[in-house]
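Have the viewer open and follow along.

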Amino acid sequence: ASVAEKLGRKWIACDLGRFAIHTTRKRLIGVQRELQKDGKDFRAFEILNLGKYERQFFMDDLSNGARKSKEEVYVSLILEAYKAKRIEGHATLHGTKVGRFVHVGPLDVPVTQSRLETIFEECRQKLYTQVDVLGFEFEMGLTPQFIQELKEKGVSVTLKYIPKEVFDKRAVEKGQVRFYDVAYLNASVKTKGKSV
C-alpha cells in the first residue's frame with residue numbers, strides 16, 4: 001500500500017492482524033508526511049472495521065455459558081477499562097463515574113437513536129441529568145442536534161468510542177485505554193463566482 005501511495009496509484013489493503021494494520025497505517029502516514037514535506041499532493045485514506053475482529057474473538061473465547069452471562073462479562077470488562085463503578089437495578093444504565101451514569105453499548109451492533117431515547121427516558125424518570133454512552137459504533141443519524149435536544153430536555157448525553165485496547169488486559173491494567181468523544185464534522189459551502 002505504501003509503495004502504491006508513493007507512486008500515486010489506487011490501492012486497497014486488507015489484513016486480519018491488527019498489528020499489520022497498524023504497521024500499514026504508520027507507513028502510509030509516513031508517506032503522506034514525506035509528500036507534504038516535498039510540497040506534493042497527498043491523499044487521505046480510511047481504515048474500516050478495525051477492532052471488529054477482536055470483538056468477535058472476545059465473544060467466541062468466552063465459555064459456552066449462556067449469552068446473558070457473556071454480556072455481563074463484556075459490560076464488566078468495559079466498565080473496568082472506563083474506570084466506572086458497576087451499579088444494579090437499572091434497565092439501561094450499567095455504572096457510574098465521577099457523578100455521571102454510564103451505559104455500555106452493544107458489542108456487535110451500533111448504538112442507535114432509539115437506544116438513546118430509551119436511556120434518556122430512564123434518566124428522566126429517575127431525575128438523572130448526565131450519562132456517558134459508550135459504543136464501538138454509532139448510528140449514522142446521531143447528530144449533534146439530537147444530542148442537544150436531549151440536553152435541552154434535561155439529560156446531558158456524551159457519546160464515547162470504546163477503543164479496541166479494552167481487550168488488551170495489560171493496557172487496561174496500566175491505565176492506557178482512552179475513550180474518545182464522538183466527533184462531528186461541521187461543513188458549510190462557500191462560493192465565490194464559479195468557485196466552490
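Predicted model: local features only at pLDDT ≥ 70, side-chain atom pairs only at ≥ 80, totals over all residues.

## Starting at the sheet

How many bridges join β4 to strand β5 (residues 156-161)? Six, and the two strands run parallel. Strands pair here if DSSP finds at least two bridges between them. One of the bridge pairs has Gln-130 partnered with Ser-156 in β5. To get from β4 to β5, the chain goes through helix α6 (residues 144-152), in a β-α-β crossover that is right-handed. Right-handed means that, with the strands pointing away from the viewer, the path from the first strand over the helix to the second runs clockwise.

β4 also pairs with strand β3 (residues 100-104), again in the parallel sense, over four bridges. Val-104 stands opposite Leu-134 in β4. Helix α5 (residues 113-126) carries the chain from β3 to β4, and this β-α-β crossover is right-handed too. Five of the six residues of β4 (residues 130-135) are buried, so the strand is largely enclosed by the rest of the structure. Buried means under 20% relative accessible area, exposed over 50%, and partly exposed in between (1.4 Å probe, protein chains only).

## Ground rules

Residues are numbered from 1 along each chain as its sequence is written, and side-chain values use heavy atoms, with hydrogens and water left out.

## The whole chain

The protein chain has seven helices and six strands, in the order α-α-α-α-β-β-β-α-β-α-β-α-β along the sequence. Those are DSSP runs numbered from the N terminus: helices are H or I with at least four residues, strands are E with at least two.

Of the chain's 196 residues, 36% count as buried. Among contacts with a separation of 6 or more, 59% come from residues 24 or more positions apart; contact means heavy atoms within 4.5 Å.

Which residues of α6 are buried? Phe-146, Ile-147 and Leu-150. They cover an arc of only 100° around the axis, which puts them on the same side of α6; the arc is that of the directions from the helix axis to the C-beta atoms. Their cover includes α5 and β5. On the other side of α6, Gln-145 and Glu-152 are exposed. Just after the helix, Gly-154 takes a positive phi of about 115°.

## What's packed inside

The largest nonpolar core has 20 residues, and those with the most contacts inside it are Leu-93, Leu-116, Val-131, Val-133, Val-157 and Leu-159. By nonpolar core I mean a set of buried Ala, Val, Leu, Ile, Met, Phe, Trp, Tyr and Cys residues joined through side-chain atoms within 4.5 Å. α5, β4, α6 and β5 each give two or more residues to this core, with α5 giving the most, four. Apart from this core lies another, of 18 residues, among them Val-75, Tyr-82, Ala-84 and Val-102.

## A buried glutamine

Over in helix α2 (residues 18-37) lies Gln-32. Gln-32 is buried, with a relative accessible area of 13%. Not counting residues up to four places away in sequence, Gln-32 touches Phe-42, Arg-43, Ala-44 and Phe-45.
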